Amino acid sequence: MRPQSMLFTIYGEYVRHYGSEIWVGSLTGLMGEFGLTEQAVRAAISRMLRQGWLESRKVGNRSYYSMSPRGKRRLNEAAARIYKQETDTWDGKWCIASYNIPEKERSIRDQLRKELAWLGFGMLTTSTWISPNDLTDKVRDIVESRGISRYVEIFRADHVAWSEPAQLVQKCWNIDEINAAYAEFIEEYRPSYERLVTMTEQEEAVPDGYCFVEKTKLVHQYRKFLFIDPDFPEELLPDVWLGKEADQLFQNYYDMLHPGASRFFEQVYEPSPDALPVRDREHA
């Protein structure tokens, strides 16, 4: 479990609903629930500061950390996909990003590829990426923020020939790999969910600390699907697709763990003295 990745989960699942800022002591306490040392947490915080994901400030002799505007955008995008609602009928159009970035700017080119993959694009050719979802504005923001608009073109277009839409999906995404990942998730978390259901039905006490650890691990694990599953429209799903079953399991287990996990977080969380009292605990 990488400390930096877990920090993203902690901020995305909890801190952003409580003013988006947290004392470093609270952070190390929460991360310690997963066996992460204070030294490892502080090192991860330093990396995220250098990478522009976090911002810091001092209040008295205490350090408080919040997500930067860039970090908040990433967390909001992730939340919108994790807690997704049913999508509208697919309009049959593809979002296409094509680029020709020179070798001397290879690092920017590599970063753009990572950003496109994160958004859910599939690689049609080395420099042409496609998505069945309208991600035009998100690509525009990425391109403009990096100052590379002279190298990139974005299209919303119909596919005329030759492959069928489902064949395009097979070409650009590893469907078998995604399905296997969902099968693994279901196999890992269904027994835990069923045990919790049994405990609840028998009115057994479930410690808040247990709920916090289990819910955070659940979200942390499910968040990985953002990197491999672009959230295909219904029309493009294969006949055998475990994504829906995994999503329902995630939602059911999450709902059962959420109240206790929130109570535990609130016990450890310490806001800054000048923090606003109103807390937004609803998902974005």
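Tutor: Let us begin with contacts, where a contact means heavy atoms within 4.5 Å. In this predicted model, residues 24 or more positions apart account for 77% of those contacts in the protein chain that have a separation of 6 or more.

Student: How many helices and strands does the protein chain have?

Tutor: The protein chain holds 10 helices and 7 strands.

Student: What does the radius of gyration of the protein chain agree with?

Tutor: The general idea is to compare the value with that of a compact globule, which for 284 residues would be near 19 Å; the protein chain has 21 Å, which agrees. Along its principal axes, the C-alpha trace spans about 60 × 50 × 30 Å, and 45% of the 284 residues count as buried, a term that stands for under 20% relative accessible area.

Student: Which strands pair with β4, and in what sense?

Tutor: In a regular strand the side chains alternate between the two faces of the sheet. Here β4, residues 93-99, pairs with β7, residues 152-158, in the antiparallel sense over 7 bridges, and within that pairing W94 stands opposite A157. β4 also pairs in the antiparallel sense with β6, residues 128-131, over 4 bridges, where W129 is the bridge partner of A97.

Definitions and conventions. Residues are numbered from 1 along each chain as its sequence is written. This is a predicted model: local features need pLDDT of at least 70, side-chain atom pairs count only at pLDDT 80 or more; totals for chains, interfaces and linings use all residues. Side-chain values use heavy atoms; hydrogens and water are left out. Helices (H or I, at least four residues) and strands (E, at least two) are DSSP runs, numbered from the N terminus. The radius of gyration is taken over C-alpha atoms; the globule rule is 2.2 Å times the number of residues to the power 0.38. Buried means under 20% relative accessible area, exposed over 50%, partly exposed in between (1.4 Å probe, protein chains only). Two strands pair if DSSP finds at least two bridges between them.
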